[in-house]
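Good morning, and thank you for coming.

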Amino acid sequence: MAKNSGGVDLIGGNLTDYSTPLNKALLDATGLVRDYRDVSIAGTGSYTLSLDDATPEGRSPVVRFTGTLTGTRTVLWPASGGSRVAVFWNNTTGSFTATVKTDQGGSTGVAIPQGYALILFHDGANVYAAGPAFAPQTNVTSGAWTAVTFSGTWVNYGAPFQTVQYRKIGDRVELRGTAKLGTALSTLFTLPTGYRPPADLVFPMSSNAAFGAITVTSAGAVTQSVGSNASVTLDGIFFSVTT
């Protein structure tokens, strides 16, 4: 018996023999315990992920694409060996798309936005996304709540309501609390740089027990756009700071 790079004995002495069912299972099992794998897909056209034991790109559970794209790139995920699931992270540069398909003719694929990752799976023919794209983060922890600095005459409503605060978890900013007595339809406070959405956003909210709305601008201004100044509730407002 020969050993693959994971130290597992393979039948027949062929380190890349994928035809023997037991070898396939052993290769898959060792592939599942690997860390993410960087794969340069620089250039254009099609790139086929390798299943070789030395470079098991198509069997790794997390693959990060790197390199500069010079044209539209199609990454072919080999369908041999049955269905698979993995995280693919598009960390390339260049203003072109990267789409993951299987190597089967006519395969339907999934495009991964640059800077984002997707959990993908295939059924031996087509590739599907298990959920929305997300921006990989490091050291993601629940940020501490920070009290806002009010503009004008806005103040916290007081008991029994939460004071107005904000926090950031990863790329997501959350607001909470209830304010009162500022100038109606004016800015309550301004979020600091790094806590602002990439474009203006409008959120429905409760204002004096009736319908109201809050606008959060790309400049960080949190402004009452509809409602009464008797009370403005920000509970449940959250947004991403990435595009």
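Let me begin with a term: a polar contact is a pair of N or O atoms within 3.5 Å, where, inside a protein, one atom must be able to donate a hydrogen and the other to accept it. Please keep in mind that this is a predicted model.

With that term in hand, consider Thr102, whose side chain reaches the backbone oxygen of Ala125 at 2.5 Å. Thr102 belongs to strand S8, residues 98-102. Is Thr102 buried or exposed? Its relative accessibility is 1%, so it counts as buried, the limit for that class being under 20%. Beyond its neighbours within four places in sequence, Thr102 is in contact with a set of residues that includes Leu76, Trp77, His122 and Val127.

Strand S11, residues 127-129, holds Tyr128. Tyr128 has a relative accessible area of 34% and is therefore partly exposed. Together with Val85, Ile119, Phe121 and Phe134, Tyr128 forms a nonpolar patch on the surface, with about 420 Å² of accessible area in total.

Which residues touch the most other members of the largest nonpolar core? They are Leu175, Phe189, Leu191, Ile214 and Leu234, in a core of 19 residues. Strands S15, S17, S18 and S19 each give two or more residues to this core. A second, separate core has 17 residues, among them Val63, Val75, Ala86 and Ile112.

Next, the backbone. Most residues other than glycine have a negative phi, and most peptide bonds are trans. The peptide bond from Ala159 to Pro160 is cis, with omega near 5 degrees, and Pro160 sits in the loop between strands S13 and S14. Leu181, in the loop between S16 and S17, has a positive phi of about 65 degrees. Ala209 likewise has a positive phi of about 65 degrees, and is found in the loop between S18 and S19. Ala209 counts as exposed because its relative accessibility is 77%.

Finally, the whole chain. Of the 243 residues, 39% are buried. Among contacts with a separation of 6 or more, 56% join residues 24 or more positions apart. The accessible surface is about 11,700 Å², and carbon and sulfur atoms account for 56% of that surface.

Methods:
Residues are numbered from 1 along each chain as its sequence is written. This is a predicted model: local features need pLDDT of at least 70, side-chain atom pairs count only at pLDDT 80 or more; totals for chains, interfaces and linings use all residues. Side-chain values use heavy atoms; hydrogens and water are left out. Buried means under 20% relative accessible area, exposed over 50%, partly exposed in between (1.4 Å probe, protein chains only). Contact means heavy atoms within 4.5 Å. Accessible areas come from the Shrake-Rupley method with a 1.4 Å probe; for residues, only the protein chains shown count as cover. Helices (H or I, at least four residues) and strands (E, at least two) are DSSP runs, numbered from the N terminus. Patches are made of residues with over 30% relative accessible area and no salt bridge: like charges are joined within 9 Å, nonpolar side chains (Val, Leu, Ile, Met, Phe, Trp, Tyr) within 5 Å. A salt bridge is a side-chain nitrogen of Lys or Arg within 4 Å of a carboxyl oxygen of Asp or Glu. A nonpolar core is a set of buried Ala, Val, Leu, Ile, Met, Phe, Trp, Tyr and Cys residues joined through side-chain atoms within 4.5 Å.
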